[in-house]
Amino acid sequence: MINQELAKIFDTFADILEIQDNAKNKFKIRAYRQASLTIQNLPKEITDYIDLENEKFKEDIPGFGEAIRHKSLEYIKTKKVTELEALKLTIPAGLLEMLEIKNLGPKKVKKFYQELNIGSVKALKKAIQDGEVQKLEGLGEKSAAKILDSIINHEQYSSRIPIGLIYPTLKEIESYMLKHPKVLKAVIAGSARRFQDTIGDIDLLVTSKTEDRSQIIEHFKLLPFMQQIEAEGETKVTARLNNGLQIDLRLVQKNEFGAAMQYFTGNKSHNVKLRTIAKNKGYKINEYGIFEIDTNKKVGGEFENAIYEVVGLNYVEPQLRQGNIELDSDTNQNLPTLINITDIKGDLHTHSTYSDGANSIEEMALKAKQLGYEYIGITDHSPNLRVANGLNKEQLLQKKHEIEKLKNKLNFNILYGTEVDILNNGELDYDNQILSEFDIVIASIHSNLEKDTTNRILAAMQNPYVHIIGHPTTRIIGKREGSPLNINEIFKMAEQTQTILECNAQPTRLDLPSNLVLEAKQKYQLKFTLNTDAHNSKGLELMELGVNYFKRGWLSKEDIINTYNSAELTKILKRKTNK
């Protein structure tokens, strides 16, 4: 999380300087933008480069001058940068919120402020609805409509955080609480445990080895990213974290912990349905346990699975508790064995320094071996994506040659691959002669995202050398819903052409969305690949997030091609070109 926070800090510096539009700012802006990009692509946390005790960098980061290093150290130490706080005072506070809106950059924000005196998102929304923005030079109805859609989307998500971004913090909270010697169990429940796309608050359940819980409460209050305590009792503490989320610590008795886990994991419709089933069988369920209605005798509560078993149901994994079909008798008795992180045998979508990655092919392969994988796909970008340094023919030859040498050197299967751009007309960024040379081809859309992408994807799937469609909807959680498309037509074509659909584990993508994964599996029996889209070696660790999220799509080991060994994977990848 610290890398993302610092990247945001430097982008904010650049944004404010662009709004000020001083000619002297040009080089500073470029330096801040580069610093942000560098931090986002670091192969490890920035704190790993720093001697925190002596407050200095112990190894160089390319492009990090003295000023950037100083600001980084200040933020890591104090969680703020004094110069930035002062700079923020030079512009209306509302302009910074406007910069959070997709389709708005510093130049547009400045234009709205100077020409229409718009200094907040609320004022901008009203100006669009009143038709004022549409009259500005260089804008119009279409541009204004796009900005309005982005504002509405921002309003919907501004109080919530994507699960992929908060996940590292959730793990850190659990780990921190378990460090206290009197804590027996500490588990995040609620929507976070169900891995919903976004979460609005955090439920933390803790049980202790002692009746005296005061020390545990004091330990909780010292969480590294605690902002303030809002309410405190003997069994519940409500607080606010630095990211704005509310967190409720609930101290639970050991013999009630399982019931509390079930009760606070939800969701509401799942719990209502479960309680109705229990009532019809003579039981009642609450956060303290499961009881016989007639005698009020407690028959379970310490273990979560018992809450289901007592009423004749199979245990339902948290990600499946969506209040749909998981408690229906026939479905519940045939729940799938969901994908597990230990099932994954490789990552098929990664990037190296050949395009926009931060690590070499060898470094990526060594990290994959460390994770226990059998193989890795190195799928750098094609030339059309210039911002990502897409590879030309000469670079491809060099990359292929390097991979062949590394496969022998490391005794490890490295797939020579590409993430080829699907162009606006549906054609691919490499011709078939080049595509035929790759071990694996992922076709993805990175441009004209606001237009219907259905025909472009359909055309790509009909190419005999395309194995996978990458991040199919192009959504960015909290920023854009995804491109307009006819998902059922895409599913039908995937079934017809045996094209694999990607489940992309990037924290703000998680694309396909889980509801579409379930539809594709149940209606069309499609196959998937679960990848990290890693741009550095540490990014390969995102597989854990991906596995936990895509369980929501009811995925089993058999549904995902990168749970197969190298020989089986090779057969799957060849089946399309052999048709």
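A: Let's start with a word you'll need: a residue is buried when its relative accessible area is under 20%, and exposed when that figure is over 50%. Keep in mind that the model here is a predicted one.

Q: Okay, let me try it. Is Phe13 buried or exposed?

A: Phe13 has a relative accessible area of 1%, so it is buried. Have a look at Phe10 too: its value is 0%, which makes it buried. Tyr32, with 6%, is buried as well.

Q: How many aromatic pairs are there?

A: Rings pair up if their centres lie within 6.5 Å. Going by that rule, you get eleven aromatic pairs. One of them joins Phe10 and Tyr32, with 6.0 Å between the ring centres and 15° between the planes, and it is stacked. The two partners come from distant parts of the chain: Phe10 belongs to helix H1 (residues 2–20), Tyr32 to helix H2 (residues 26–40), and 22 residues separate them.

Q: And what about Phe13 and Tyr32, how do their rings pair?

A: That pair is stacked too, at 4.6 Å centre to centre and with planes 10° apart. Phe13 is in helix H1 and Tyr32 in helix H2, so this pair ties together parts that lie 19 residues apart in sequence.

Q: Which ring does the charged end of Lys71 sit over?

A: Find Phe13 again: the charged end of Lys71 sits over its ring, 5.6 Å from the centre.

Q: Now for helices. At what angle do H19 and H20 pack?

A: About 5°, with axes that are 10 Å apart; H19 covers residues 454–461 and H20 covers residues 487–497. Angles under 35 degrees count as roughly parallel, so that is how H19 and H20 run relative to each other. At the meeting place, H19 brings Thr454, Ile457, Leu458 and Met461, while H20 brings Glu489, Ile490, Met493, Ala494 and Thr497.

Q: How do I read a single residue? Say, where is Lys284 found?

A: Start with its element: Lys284 is in strand S10 (residues 283–286). Then check accessibility: at 37%, Lys284 counts as partly exposed. Next come the neighbours. Leaving out residues up to four places away in sequence, Lys284 touches Gly289, Ile290, Phe291, Ile293 and Asn296. With Asn296 there's also a side-chain polar contact of 2.9 Å. For a sense of distance, Lys284 and Ile50 are 234 residues apart in sequence, and their C-alpha atoms are 55 Å apart in space.

Q: One more, please. Which helix does Met98 lie in?

A: Helix H5 (residues 93–98). Met98 is buried, since its relative accessible area is 0%. Beyond residues up to four places away in sequence, it touches Leu104, Val109, Phe112, Ile118, Gly119, Ser120, Val121 and Leu124. As for Pro507, it is 409 residues from Met98 along the chain, with 23 Å between the two C-alpha atoms.

Key: Residues are numbered from 1 along each chain as its sequence is written. This is a predicted model: local features need pLDDT of at least 70, side-chain atom pairs count only at pLDDT 80 or more; totals for chains, interfaces and linings use all residues. Side-chain values use heavy atoms; hydrogens and water are left out. Helices (H or I, at least four residues) and strands (E, at least two) are DSSP runs, numbered from the N terminus. Buried means under 20% relative accessible area, exposed over 50%, partly exposed in between (1.4 Å probe, protein chains only). Contact means heavy atoms within 4.5 Å. A polar contact is a pair of N or O atoms within 3.5 Å; within protein, one must be able to donate a hydrogen and the other to accept it, and residues adjacent in sequence count only if both atoms are side-chain atoms. Rings of Phe, Tyr and Trp (its six-membered ring) pair if their centres lie within 6.5 Å; planes under 30 degrees apart count as stacked, over 60 as edge-to-face and the rest as tilted. A charge sits over a ring if NZ of Lys or CZ of Arg is within 6 Å of the ring centre and within 35 degrees of the ring normal. Axes are lines fitted to C-alpha atoms, for helices over the stretch in contact, and angles run from 0 to 180 degrees between N-to-C directions. Angles under 35 degrees count as roughly parallel, over 145 as roughly antiparallel, 65 to 115 as roughly perpendicular and the rest as oblique.
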